[in-house]
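Thank you all for making the time this morning.

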Amino acid sequence: MINVYSANSTIEAHLIKNLLEQHGIAAHVAGHYLQGGLGELPVINMIEVKVAAEDEARARQVIDAYEAGEFAISDNETE
């Protein structure tokens, strides 16, 4: 499996994993247990979202779109 995203928290990692799965890309979160094991210490870049090598390009496209704000909910959509 290929690392396509290094997250700052387990919440962020699972958000990316779920986003990829919504786009038909199987994903796995690695290292999410480290956050609990390290307690108060920061776990920056130790939690990774991984996909199969053949899905890497599509996964990076989805992640790039996420980082560009393409999936953001506008104020009009929350009402």
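What follows is a short tour of the strand pairing and then of the salt bridges.

Please keep in mind that this is a predicted model, in which local features need pLDDT of at least 70 and side-chain atom pairs count only at pLDDT 80 or more, while totals for chains, interfaces and linings use all residues. Residues are numbered from 1 along each chain as its sequence is written, and side-chain values use heavy atoms, with hydrogens and water left out.

Let me begin with strand S3, which covers residues 47–51; helices (H or I, at least four residues) and strands (E, at least two) are DSSP runs, numbered from the N terminus. Four of the five residues of S3 are buried, so the strand is largely enclosed by the rest of the structure, where buried means under 20% relative accessible area, exposed means over 50%, and partly exposed lies in between, with a 1.4 Å probe and protein chains only.

Which strands pair with S3, if pairing requires that DSSP finds at least two bridges between two strands? Strand S1, residues 2–7, is joined to S3 by five bridges, and the two run antiparallel; within this pairing, Ile2 stands opposite Val51. Strand S2, residues 27–30, also runs antiparallel to S3 and is joined to it by four bridges, with Ala30 having Glu48 as its bridge partner in S3.

Side chains of opposite charge can pair when their charged atoms come close. The structure holds four salt bridges, each being a side-chain nitrogen of Lys or Arg within 4 Å of a carboxyl oxygen of Asp or Glu. In one of them Glu48 pairs with Lys50, the closest N and O atoms being 3.2 Å apart, and Glu48 counts as partly exposed at 21% relative accessibility.

Another salt bridge links Glu21 to Lys17, with 2.9 Å between the closest N and O atoms. Because these two residues are four apart in helix H1, residues 10–22, about one helical turn separates Glu21 from Lys17. Glu21 is partly exposed, with a relative accessible area of 36%, whereas Lys17 is buried, at 19%.

In helix H3, residues 56–67, Glu56 and Arg60 are likewise four residues apart, and therefore separated by about one helical turn; their side chains meet in a salt bridge at 3.0 Å, N to O. Glu56 is partly exposed, with a relative accessible area of 25%, and Arg60 is also partly exposed, at 34%.

Methods. Pairing = 2+ DSSP bridges.
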